[in-house]
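Biologist: I'd like to learn how to read side-chain contacts in a model like this. Can you walk me through it?

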Amino acid sequence: MRELKFRVWNPMSKRFDYWGFDIDDGVTGFSGVTTGGAVTLEYAKNNSEQFIGRHDKNGVEIYEGDPVKFDNSAIGGGVVVGEVIMNTDNSLGHLGWMLFN
């Protein structure tokens with residue numbers, strides 16, 4: 001089973017609203033958005049951030065758009081600070097989630 005999670009910033013409550021799907025040969029479950037009517041479906045569709053399937057060192061889920069700091073010194077690099085993005089066009093030589101700084 002694969003879980004797809006999303007979040008969208010709710011400007012009225014000044015917090016993120018979360019929802020997701022459980023997928024196993026089709027959608028098997030859904031946890032809906034609880035926005036109190038402040039966020040429309042169209043707004044959520046265009047402003048959602050997806051969970052990338054990874055957690056930070058404190059166990060907090062990392063979402064698209066999150067700022068992150070990555071220590072690459074163990075393999076000869078340095079500390080990199082940037083934002084998690086989804087690269088869909090292979091323009092940077094990599095498809096999928098990556099750090100953009």
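Modeller: Let's start with accessibility: buried means under 20% relative accessible area, exposed means over 50%, and partly exposed is in between, using a 1.4 Å probe and protein chains only. Glutamate 61, at 24%, is therefore partly exposed. Keep in mind that this is a predicted model, where local features need pLDDT of at least 70, side-chain atom pairs count only at pLDDT 80 or more, and totals for chains, interfaces and linings use all residues. Residues are numbered from 1 along each chain as its sequence is written, and side-chain values use heavy atoms, with hydrogens and water left out.

Biologist: Which residue does glutamate 61 meet in a salt bridge?

Modeller: A salt bridge is a side-chain nitrogen of Lys or Arg within 4 Å of a carboxyl oxygen of Asp or Glu. Glutamate 61 pairs this way with lysine 5, at 2.3 Å from N to O. Glutamate 61 sits in strand β5 and lysine 5 in strand β1 (residues 2–10), so the bridge ties together parts 56 residues apart in sequence. Strands here are DSSP runs of E, at least two residues, numbered from the N terminus. Lysine 5 counts as buried, at 19%.

Biologist: How many salt bridges are there in the whole structure?

Modeller: The search finds four. Arginine 7 meets glutamate 49 in one of them, at 2.6 Å; that pair links strand β1 to strand β4 across 42 residues. Arginine 7 also bridges to aspartate 66, at 2.3 Å, and here the partners are 59 residues apart, with aspartate 66 in the loop between β5 and β6. Arginine 7 and aspartate 66 are both buried. Through shared partners, Arg7, Glu49 and Asp66 join into one network.

Biologist: And how do I read ring pairs?

Modeller: A pair of aromatic rings is described by the distance of the centres and the angle of the planes. Rings of Phe, Tyr and Trp (its six-membered ring) pair if their centres lie within 6.5 Å; planes under 30 degrees apart are stacked, over 60 edge-to-face, and the rest tilted. That gives four aromatic pairs. In one, phenylalanine 16 and tyrosine 18 have centres 6.3 Å apart and planes at 55°, so they are tilted. Phenylalanine 51 and tyrosine 63 are tilted too, at 5.6 Å and 50°. Trp9, Phe16, Tyr18, Phe51 and Tyr63 form one cluster.

Biologist: Which charge lies over the face of phenylalanine 16?

Modeller: A charge sits over a ring if NZ of Lys or CZ of Arg is within 6 Å of the ring centre and within 35 degrees of the ring normal. For phenylalanine 16 that's arginine 7, at 4.0 Å, while lysine 5 lies over phenylalanine 51 at 5.2 Å.

Technical notes
Helix = DSSP H or I, 4+ residues; strand = E, 2+ residues; numbered from the N terminus.
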